There are 4 protein chains.
Amino acid sequence: MTHGVGTSWLAGLESVARDVLPTSVFDYIRQGAGQSLSADEANAAWSRSRFIPRVLRDVSDIELATTVLGAPLASPVAVAPTTLQRLVHPEGELAMARACASAGSLMVVSSNAGTPFREIGATGVQWWLQAYLTRDRSLSEPVVDAAVDAGARAIVLTLDTPTVGTKNGIGPDFWEAVPPGTLRVNFADQRPGITGAEKATDLGPDDIARLGERTGLPIVVKGVLHPADAVRCVEAGAAAVWVSNHGGRQLDRVVSTADAVSGVVEAVGETAEVYVDGGIRSGLDVFAALATGVRCVFVGRLGLWALVAGESSVARMHEELRTELGESMRLAGARTPTEAVSMLVRNGEKGL
Amino acid sequence: MTHGVGTSWLAGLESVARDVLPTSVFDYIRQGAGQSLSADEANAAWSRSRFIPRVLRDVSDIELATTVLGAPLASPVAVAPTTLQRLVHPEGELAMARACASAGSLMVVSSNAGTPFREIGATGVQWWLQAYLTRDRSLSEPVVDAAVDAGARAIVLTLDTPTVGTKNGIGPDFWEAVPPGTLRVNFADQRPGITGAEKATDLGPDDIARLGERTGLPIVVKGVLHPADAVRCVEAGAAAVWVSNHGGRQLDRVVSTADAVSGVVEAVGETAEVYVDGGIRSGLDVFAALATGVRCVFVGRLGLWALVAGESSVARMHEELRTELGESMRLAGARTPTEAVSMLVRNGEKGL
Amino acid sequence: MTHGVGTSWLAGLESVARDVLPTSVFDYIRQGAGQSLSADEANAAWSRSRFIPRVLRDVSDIELATTVLGAPLASPVAVAPTTLQRLVHPEGELAMARACASAGSLMVVSSNAGTPFREIGATGVQWWLQAYLTRDRSLSEPVVDAAVDAGARAIVLTLDTPTVGTKNGIGPDFWEAVPPGTLRVNFADQRPGITGAEKATDLGPDDIARLGERTGLPIVVKGVLHPADAVRCVEAGAAAVWVSNHGGRQLDRVVSTADAVSGVVEAVGETAEVYVDGGIRSGLDVFAALATGVRCVFVGRLGLWALVAGESSVARMHEELRTELGESMRLAGARTPTEAVSMLVRNGEKGL
Amino acid sequence: MTHGVGTSWLAGLESVARDVLPTSVFDYIRQGAGQSLSADEANAAWSRSRFIPRVLRDVSDIELATTVLGAPLASPVAVAPTTLQRLVHPEGELAMARACASAGSLMVVSSNAGTPFREIGATGVQWWLQAYLTRDRSLSEPVVDAAVDAGARAIVLTLDTPTVGTKNGIGPDFWEAVPPGTLRVNFADQRPGITGAEKATDLGPDDIARLGERTGLPIVVKGVLHPADAVRCVEAGAAAVWVSNHGGRQLDRVVSTADAVSGVVEAVGETAEVYVDGGIRSGLDVFAALATGVRCVFVGRLGLWALVAGESSVARMHEELRTELGESMRLAGARTPTEAVSMLVRNGEKGL
Ligand SMILES: Cc1cc2nc3c(=O)[nH]c(=O)nc-3n(C[C@H](O)[C@H](O)[C@H](O)COP(=O)(O)O)c2cc1C
Ligand SMILES: Cc1cc2nc3c(=O)[nH]c(=O)nc-3n(C[C@H](O)[C@H](O)[C@H](O)COP(=O)(O)O)c2cc1C
Ligand SMILES: Cc1cc2nc3c(=O)[nH]c(=O)nc-3n(C[C@H](O)[C@H](O)[C@H](O)COP(=O)(O)O)c2cc1C
Ligand SMILES: Cc1cc2nc3c(=O)[nH]c(=O)nc-3n(C[C@H](O)[C@H](O)[C@H](O)COP(=O)(O)O)c2cc1C
């Protein structure tokens, strides 16, 4: 807002985090790859959308609850996988998990998480494992197996990371300052430089099928932007496609997810669930995303900014998103997320 | 203007209001819902339009007078319903009404007004009642009946408010500081929390018909943006459709009325009167709005900024708008508002 | 330029004028009507254009000379009618005329000029009279007749001024401070308020024919933006159509001439000469204008900024424009203005 | 990046140069012709592009090596011709040449270079001569012949310079301050003002053929933007077309090469090699350029900024560009530059 009136609680979270977190940690989370062009425009891409609300519709009872791969969600918002949660708050993944559990949400746990899967599972949260496969596939299997044992209900295979995108200012110094025991604690062998433990550069459709067979769980592919790739993934057995550009942290100048998501929904929306993340900071952003036809929206950084003040703050984040989403739906005349589809006008398009 | 020369009297009103009004009152009026994106772009959306004037047309006698639902207007500009007028100026709605009467304009009175309808009617102004229906419809009937008794000539049913949009920084504190007797004085029962007195979330086409039958007055629907809704309203008996996004105070990121209005004119312009409001701050804005084919343009905040200095200032607002509109029409070669249609180019469109 | 290197002499003229002229005079010249939106974007509209130069063309001899209504011009740039030249420099129109004469250019003299036509004609300059017609047509005839006597070779009838556009901050005070004898000196009767001496609000096609018959001179219509109006004017006998929005000084938010000119060229370019003015500040602007297909380009304010330093400065303006235009043509591969047509890409259009 | 985190080494080079070089030299290199509009938007035009990466592609082995006119390049990046290299660093062209040689790149040497061709050739670098032809063609022949003798493997004929574009602030003073022996040392006769030694203004298709016959080398035409000109050049015998606007140093407001290149690739991409330069500052820019279908990308100013710190710095420039390009390709799923084609979305275009 341009005239000094208050901001919403959610909109204020990032600046609280900036004040509280060590600069290097804040910067690492905040920034994107390269010049951060894509990271910086992710949210703007959602707020370029304009809505054309409908009136004379009974919005007395609106429905926020949904399911993802059969798991019930109180509202179509869940938490994306992120690392370093224990640097953000001492209780790290556990605080995140408890807050998600109490909110009836879902948490996706990074394979590089700083908390043992078993402890996360013990909070009772519904959770999925996010997995990176290694060049020598057998080296990533134990982590996946451990997650299955600890109750993960789906595997999210990240496809956009054959190599880690360069983030300016983040070098060995940064990683050496990360306290031991806060990263990759679910790997049996923590030694660096094991041959074959680098991220796989040759992921193929087969990996999707194999991972499904090994785990007996549905496979979600994360990091898909091109419709043709979405089709390939679904044909290879993926149960869901997660449109993501990794928060702008991999290839800079990558298309924003707000611009890419409709193409994917169109290509595979009938045969698979479609999710999206990137730049979601408010309930109105969630609404804009749902209006493209996705089933669920994930938050990355927003969850981390909330986590700065611990479990209750993450719980409040869920609450506020839910409230804002509900209000947006009522005001737009949408009783369900599905009814939001087609209420969206991209700026510059002839609206009506 | 970028080079320090004077601004028009109308353009200066807001900053006078900012200086004179208590900050919280100014902010409450000025701001929109959420991040105020839609509130902030409403005026810009009009000034993006460019005109292609016509020459060699006799503009010696131009015609500003028109009618709305049969009521004669000296010019196609009237005053939208707003609350808190008595916080803006002690004489509140009465000053507004007298100025509108003397200008040959029309005033729409909010059902939450701070002045008894009878007193407003006694000024001799042509006025319409703006109504919100309550969940228990019978609870909103007395206010409507009172307005009819006091001479309201039409009922404007606001459709865009199944719930009140969240305005950051406006909470219970703000409302508690509003002096008693300046809000909702036309409600018999002022006690908060009466069951069924919440805003209706289930308005339907039937409400339009019922309200028409009860009052015997034409019904104007306010807050319509989608052409299909305009059609539904007219089919349900609405005599006029008022394109509005409630000044950006309900759903943020709602389409600007400047962008939405043409679709509605196209859909129902032949069978009903169409009005528009939102971001109108000058006679040139009025001209841009008329060029979309609407019959009348309403001002919300501009009337409040003028009201800060009382009746004479509102009268001058009408005068200036009229003068600017007349000059714009002459310079554009439009003898009537109708002739302005098709002189408008939206920025970016191929003009000619 | 964004990095502190020099600007061209032409680009620096306005800021010299700002330093030298009384503020009120500078402001009066610089500003446009209303919020000056159109005045401010006039130049930007030209510089949005991008060129696609051609190579392997012999540009050893390029041709800048042209004719307008048969009058030879050393280059396709001439001076638009403006008033108050004697407030800009004591020698006023005479300095302007001498510089135009020596540059082989053409000067259009305002009917409100501050110098007797006879003196202007005596400089030997090729000149045209710009005329406003009055409500009582007979009252504008003496001025026109005097101009014909003094050697005007065409009459430029300004069509865009049925009333003078409001310029904020310019009121009676400004006009009272204008020294007597510097404005409207070619009117026999200088008394204000003569009945019928107001600007005509009922100009029609007939006025074009009548003016042609009375003067025996070709008639140029100035202030045309709509192609249909251009056609009407040519059918009524106009020899040339001058696309102008009066420097943004009449209707604010009027389309920029850079956006409007092509439509007019397309409509009447085969049967009449087409000129354009508005926002021309450099030889590259002239080139962009020529690339739309017009025969000649007129400068208003640029000539006044140059006039601040007298005749030699106006002469240098012509020289610099000519040099820049010549260089632009060579670099673009255009041997004649005509060859520039089709080298222009409006920003945002698919270029090739 | 907007939040104070580090920039890449490449992105920091210009500001190092600004600190180290004499202001006039820095400005001369940095600026463009006229208002520098085209110079300033060259890089922005590349970074407006957005990528739609592909996943599930084996990017274990990506291929950066290519050939230009048969010459092997370690990566598709080479150095454009620029003058004044010895003002940028005492070792000038020799440092540039050695660094290009060690990087497996190619250097194009300006005919106005400050180092004898023989010395450049002696470094072992693969190099081409950039030639300007003079009005009297015979006067430019000795320089061309000397280059052939010294091992130049192709001739780059610059077509966009029938006259040198005016750069504000660069006048005789600047050129007089250039130390003797740092410019045009490959001309036998250094005296200014020899008749016929001006740049040719009448280049034609024949010049291409003649130059090919005289030198027995392939001819590259540099400075082509229009597809029709590209066709003419190829028909006249050019082996390659280099899309360039001379770094915005000739015609200002010229189309950006990022906008023009696709048209040329489409027109002659099957029959000739196509290169591009202008505004390339990072590996991601190189990737964006390759995605348009060109075979090689040239850097002008970036090489000069690197040269400020000598040979090792130019070597590092090659290294960083190579690394960034490789990372970009892996992240985009492109194993070869060719696979990058079609991954590009211009901003504003419907992506998918
Ligand atoms: C600090 C941080 C760490 C992340 N770690 C992972 C990860 O381990 N695995 C993964 O697939 N994505 C990871 N992501 C990407 C997120 O899952 C998500 O795609 C992205 O943050 C969404 O954008 P947003 O932050 O704007 O909501 C990480 C993101 C951040 C900010
Ligand atoms: C302070 C304020 C109070 C308002 N109260 C009402 C109201 O009671 N009923 C209603 O239908 N609209 C209400 N509105 C909306 C106006 O009728 C109108 O739609 C809006 O102000 C138009 O935009 P503008 O302010 O930019 O002219 C209110 C607007 C403001 C600014
Ligand atoms: C101070 C001033 C006085 C003007 N007076 C006249 C006039 O008397 N008659 C007329 O037809 N146009 C008049 N014009 C408009 C010019 O002829 C011309 O259309 C306009 O200035 C072109 O825009 P530019 O100033 O950006 O070049 C005047 C313009 C200015 C700035
Ligand atoms: C200082 C300088 C000198 C140049 N000299 C020449 C030259 O002698 N011949 C030539 O064909 N191009 C010359 N160019 C243009 C470059 O070859 C190239 O087209 C341009 O610099 C590419 O844009 P960039 O600098 O943004 O990479 C020069 C450019 C600069 C900056």
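Me: How far is the polar side-chain atom of D277(B) from an oxygen atom of ligand 2?

Reply: In this predicted model, a polar side-chain atom of D277(B) lies 2.6 Å from an oxygen atom of ligand 2.

Me: How much of ligand 2 does the protein bury?

Reply: Taken alone, ligand 2 exposes 600 Å², and the protein buries 98% of that area.

Me: What surrounds ligand 2, and which residues are the closest?

Reply: The ligand is surrounded by 22 residues, of which P81(B), S110(B), T158(B), D277(B) and G279(B) are the closest. Sorted by class, that shell has 6 nonpolar, 11 polar and 5 charged residues.

Me: Switching to ligand 4, which residues come nearest there?

Reply: Around ligand 4 there are 22 residues, and the nearest are P81(D), T158(D), D277(D), G279(D) and R301(D). The shell of ligand 4 is made up of 6 nonpolar, 11 polar and 5 charged residues.

Me: What polar atoms of Q130(D), K222(D) and G279(D) face ligand 4, side chain or backbone?

Reply: Q130(D) has a polar side-chain atom 3.2 Å from a nitrogen atom of ligand 4, while K222(D) places a polar side-chain atom 2.9 Å from an oxygen atom of the ligand. With G279(D) it is a polar backbone atom, 2.8 Å from an oxygen atom of ligand 4. Taken alone, ligand 4 exposes 610 Å², of which the protein buries 98%.

Me: Staying in chain D, at what angle do helices α1 and α14 cross?

Reply: The axes of α1(D), residues 9-20, and α14(D), residues 311-332, cross at roughly 145 degrees and come within 10 Å. On the α1(D) side the contact is made by W9(D), L10(D) and L13(D), and on the α14(D) side by S313(D), R316(D), M317(D), E320(D), L321(D) and E324(D). By class, this contact has 5 nonpolar, 1 polar and 3 charged residues.

Me: And chain A, how many helices and strands?

Reply: Its secondary structure comes to 15 helices and 12 strands, and the C-alpha atoms of chain A fill a box of roughly 60 × 45 × 40 Å along the principal axes.

Me: Why does the radius of gyration of chain A agree with a compact globule?

Reply: Because a compact globule with 352 residues would have a radius of gyration near 20 Å, the 19 Å of chain A agrees with that expectation.

Definitions and conventions
Residues numbered from 1 in each chain as written. Chains lettered and ligands numbered in written order. Predicted model: local features only at pLDDT ≥ 70, side-chain atom pairs only at ≥ 80, totals over all residues. Heavy atoms only, no water. Axes fitted to C-alpha atoms, helices over the stretch in contact; angles between N-to-C directions. Helix = DSSP H or I, 4+ residues; strand = E, 2+ residues; numbered from the N terminus. Contact = heavy atoms within 4.5 Å. Nonpolar A, V, L, I, M, F, W, Y, C, P; charged D, E, K, R; others polar. Near = heavy atom within 4 Å. Polar contact = N/O pair within 3.5 Å; in protein donor to acceptor, adjacent residues only side chain to side chain. Areas by Shrake-Rupley, 256 points an atom, 1.4 Å probe, with all protein chains shown as cover. Rg over C-alpha atoms; globule rule 2.2 N^0.38 Å.
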